[in-house]
Amino acid sequence: MATWNSRGLRGSTLEELINRTNEKYRENGLALIQKVPTPITPIQIDRESRHITLAYFDQKSTVDYIGAIQGIPVCFDAKECASDTFALQNIHDHQVQFMEDFEKQGGVAFFLIHYTGRDVFYYLPLAHLKVFWDRAQIGGRKSFRYEELNPAYVINRKHGVLVPYLDLLQRDLDDRA
């Protein structure tokens, strides 16, 4: 089990950028996306400040975000990667299973990855992740390299939107048609 102290606020910058993006989308009537709270089990609480000082992350969190974009149910997870190699151990079996089940119900599941070394945001459709995931399941690489990704899914920056992923959602939908 990972502790609150050991993992700290890893990924919080990316999540803040996505939260602001989602606020902008909501304000413009484009989407309603909510951050899914990370389930934790508190271990120690400072009685004076009433703050949690030590906690364990529960194992069965699913995705970071869920909601609807123009009537389309979506769920996605946000990940950061400092190098050009993304380790699949950063994604859990139950997350992939949830996302597959979500898509079976007519939703769209994807990952937003921030390659911090390149300062590049990438939209990874679940179907694309599954290629790497399935490869690992049969004994292949347990990671994928940036060079293996489809460059058409690199998120291009736009004025006023920090992580403008809606265009890539549209590309994902078009590619499914």
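Gln70 sits in the loop that links β4 (65-69) to β5 (72-81); helices here are DSSP runs of H or I with at least four residues, strands are runs of E with at least two, and both are numbered from the N terminus. The model is a predicted one, in which local features need pLDDT of at least 70 and side-chain atom pairs count only at pLDDT 80 or more, while totals for chains, interfaces and linings use all residues. Residues are numbered from 1 along each chain as its sequence is written, and side-chain values use heavy atoms, with hydrogens and water left out.

Most residues other than glycine have a negative phi. With 41% relative accessibility, Asp119 counts as partly exposed.

Now the sheet. Five strands form an open sheet in the order β1-β4-β5-β7-β8, and the pairing is mixed; two strands count as paired if DSSP finds at least two bridges between them. At the edges are β1 (31-35) and β8, each pairing on one side only. On average, neighbouring strands of this sheet are turned by 25 degrees against each other, direction ignored. Axes are lines fitted to C-alpha atoms, for helices over the stretch in contact, and angles run from 0 to 180 degrees between N-to-C directions. The β7 and β8 pair is antiparallel and spans 6 bridges, and Ile113 stands opposite Tyr122 in β8.

Helices lie across these strands. Helix α5 (residues 166-176) lies across β4, β5, β7 and β8, at about 135 degrees to β7.

As for α4 (residues 126-137), its 12 residues reach 16 Å from first C-alpha to last, close to the 16 Å expected at 1.5 Å a residue; the expected span is 1.5 Å times one less than the number of residues. Buried residues in α4 include Leu126, Leu129, Phe132 and Trp133, along with Lys130 and Ala136. Just after α4, Gly139 takes a positive phi of about 100 degrees.

Technical notes
Buried < 20%, exposed > 50% of the residue type's maximum accessible area, 1.4 Å probe, protein only. Contact = heavy atoms within 4.5 Å.
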